[in-house]
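I opened this model to go through its ligand site, its charge pairs and a few backbone angles. My entries follow in the order I looked things up.

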Amino acid sequence: MVFRKLPGVSASGMSLRLSQKFVFLLFLSGLVTLCFGALFFLPDSVRLKRIFLSKSENQPATAAGSGAAENDAGERPKRPREQEHPRGVTSTKGESGGVVVVGGGTSGGGGGLARLKSLARKTPPSYEATEERLAGGKAQEDLTLGSEKASSLDSGASFAYKKFRRCLLKPPLGRDGGKPGDPQTDKRREKVKEMMKFAWDNYKQYAWGKNELRPLTKNGHIGNMFGGLRGASIIDSLDTLYIMGLLDEYNDAKEWVRSNLDLTSNGEASLFEVNIRYVGGLLSAYYLTGEELFKTKVLELGAKLLPAFNTPTGIPRGVINLGSGSSWSWGWASAGSSILAEFGTLHLEFVHLSELSGDPVYSEKVMNIRKLLNKIEKPQGLYPNFLSPVSGNWVQHHVSIGGLGDSFYEYLIKSYLMSDKTDEDAKNMYYNALEAIESNLVQKSPGGLTYMAEWRGGILDHKMGHLACFSGGMIGIGADDGAPDKRQHYLDLAAEITHTCHESYDRSATKLGPEAFRFDSGAEATATRLSDRYYILRPEVIESYMYMWRLTHDPKYREWGWEAVEALERHCRVESGFSGIRDVYTLTDSHDNMQQSFFLSETLKYLYLLFSDDDLLPPEDWVFNTEAHPLPVVRKSCLQDPSTAAQDKSKLSG
Ligand code: DMJ
């Protein structure tokens, strides 16, 4: 067969005319484009696709893309996005790209919800990323509303929340989560974090959703302090987990609050306990993270507490039915009285409930208590522990800085500090009360130990409770704001009381302190009664170490804190959690089988802070409620006019 030579084509067939070459090339490039484009329509699992397309092209960039696992089933492209999740549950791009489940779906989610949760857990938000995002990170000072930084905050954080963050003087978690510079302190802090994780993991495994863990019998405890409310250990742990950077655990806690915290309970609860643990815990979780969920829950709960104030004087009774709103006094409180440490420990939380809700009713309720207490006659300037909510008179004259009285005094000075030092009534009441305490209750033992005795109608009981040991820290943080010439005196008094409380630990075989210790019949900071020898993981002594460390930087406070860590490890750590012990004076431990929720909220948090740099939850911005939940200072002028934030910050650095 003879090929005819075409015009313009060489014998080899390669010599085409220019126009023919152009058409051929055009056809070829079209073919290549088509083939490459077809790759996009192949399922993700086809190897060819993975070879040719880069990783970033292969993964959807949106949160819905976290459901990339679903692509393998080839389902996703067929479904519109809103149908990807169980009914009532939508997803949004969460912290650093993880899926955050929002919306309803308490039970309807079934396996789908569980799967979403596990997806969320696969990519937990990094500690730094979360804080960076919420605080505007290291550049928090530059955060201005409407700027790029502000708009990069979590879309779930409300405008009001962003405004609040802008009024803080410093980043809440410091430069590096409070990581201390020196390696030994850092190691100690890591140890405390490990203790928290151990306590939490065991609670989660054996008592999830109950109020507290029973670590010996490996089950949950409900008790009767919180009415029908559950999950006290979860609510009490939220902020501790968060500041320690235990974010998987924090996320589990948050999801429990979202799906399981039932506030429609009908049980009889202690107004005081619900307030300091649940209201305090939810408030601080909200202020630290900006999660609107916590705000919604705390406002719902706060409203349920209001009926307790429906008494002739407005002084609330101790017990409230959260369902019906009816309230009554504790059976053991004489003549139907209310307890000073209970109705006097609502102020910080209720001021914040008004701030968040915009409803002054909460502030009004606690201001009314304040007014009555300010007006009423006080024996020797002291505040007795029992008051009638009907007549507004003292019921008997027992005064104590420990149980029944303690946190009333704490809340006076903290109300002043939390008000950005504007609440003059609180300040005056605090320093007047302290003067009366010093004249009537503060004693020196023959061995030179300073202690707070109890007062019964003018007669002293030379006993100091473990609970009263918080007062070292309290007097320390109030030292700056009393009469200028008394500053050193208060610091010395705070140090002496903290020293006495340390002695109560040091004089026991276990190096843990008893519930109460005495200074009579030859005793000095030791328990003389069998019934006072127990230790239930209480925080007060460690709380004072933490404040005194921050105020003085005397290394002995960190050493004392470490002694406590070692003693807790030796005597309270059991196979499945931490337990109180029945006798601090014997080395054969008898455990009480209870991991108190305040161990996670207070004891471990104060230890962690003790071994952290001072810029973790700095005192310029935060006060701790009596359950160690950090609440922010209310800067009224800044909140009303955020442009003053910059001035406040420059004053601080100046
Ligand atoms: C905590 O619940 C609080 O600190 C309260 O003010 C006193 N008792 C416990 C801890 O001991």
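**Backbone angles**

I found Gln380 in the loop between α16 (361-375) and β9 (386-387). Helices here are DSSP runs of H or I with at least four residues, strands are E runs of at least two, and both are numbered from the N terminus. This is a predicted model, so I kept the cut-offs in mind: local features need pLDDT of at least 70, side-chain atom pairs count only at pLDDT 80 or more, and totals for chains, interfaces and linings use all residues. Residues are numbered from 1 along each chain as its sequence is written, and side-chain values use heavy atoms, with hydrogens and water left out.

I read phi of Gln380 as near 55°, a positive value in a residue other than glycine. Most residues other than glycine have a negative phi. Gln380 is exposed, at 56% relative accessible area. My terms: buried is under 20% relative accessible area, exposed is over 50%, and partly exposed is in between (1.4 Å probe, protein chains only).

I then checked Lys421. Its phi is also positive, about 60°, although Lys421 is not a glycine. Lys421 sits in the loop between α17 (406-418) and α18 (424-440). Lys421 is partly exposed, with a relative accessible area of 40%.

**Ligand site**

Which residues are around the ligand? I listed Ile276, Arg277, Leu467, Arg538, Pro539, Glu540, Phe598, Glu602, Thr626 and Glu627.

I looked next at polar contacts, meaning pairs of N or O atoms within 3.5 Å. A polar side-chain atom of Glu540 is 2.7 Å from a ligand oxygen. For Thr626, a side-chain N or O atom lies 2.8 Å from an oxygen atom of the ligand. For Glu627, the distance from a side-chain N or O atom to a ligand oxygen is 2.6 Å. The protein covers 92% of the 300 Å² of accessible area that the ligand has on its own. Those areas come from the Shrake-Rupley method with a 1.4 Å probe. Two elements give two or more residues to the shell: α12 (271-289) and α23 (597-610).

**Salt bridges**

How many salt bridges are there? I get 36, with the rule set at a side-chain nitrogen of Lys or Arg within 4 Å of a carboxyl oxygen of Asp or Glu.

I started with Arg277, one of the residues around the ligand. Arg277 forms a salt bridge with Glu273, closest N and O atoms 2.9 Å apart. Both Glu273 and Arg277 are buried. They are four residues apart in helix α12, so about one helical turn separates them.

Arg487 pairs with Asp480, and their closest N and O atoms are 2.6 Å apart. Arg487 is partly exposed, at 38% relative accessibility.

Glu569 and Arg573 also meet in a salt bridge, 3.0 Å from N to O. Glu569 is partly exposed at 21% relative accessible area, and Arg573 is partly exposed at 23%. I also noted one network, in which salt bridges that share partners join Glu454, Arg456, Asp461, Arg518 and Asp520.

Key:
Near = heavy atom within 4 Å. Polar contact = N/O pair within 3.5 Å; in protein donor to acceptor, adjacent residues only side chain to side chain.
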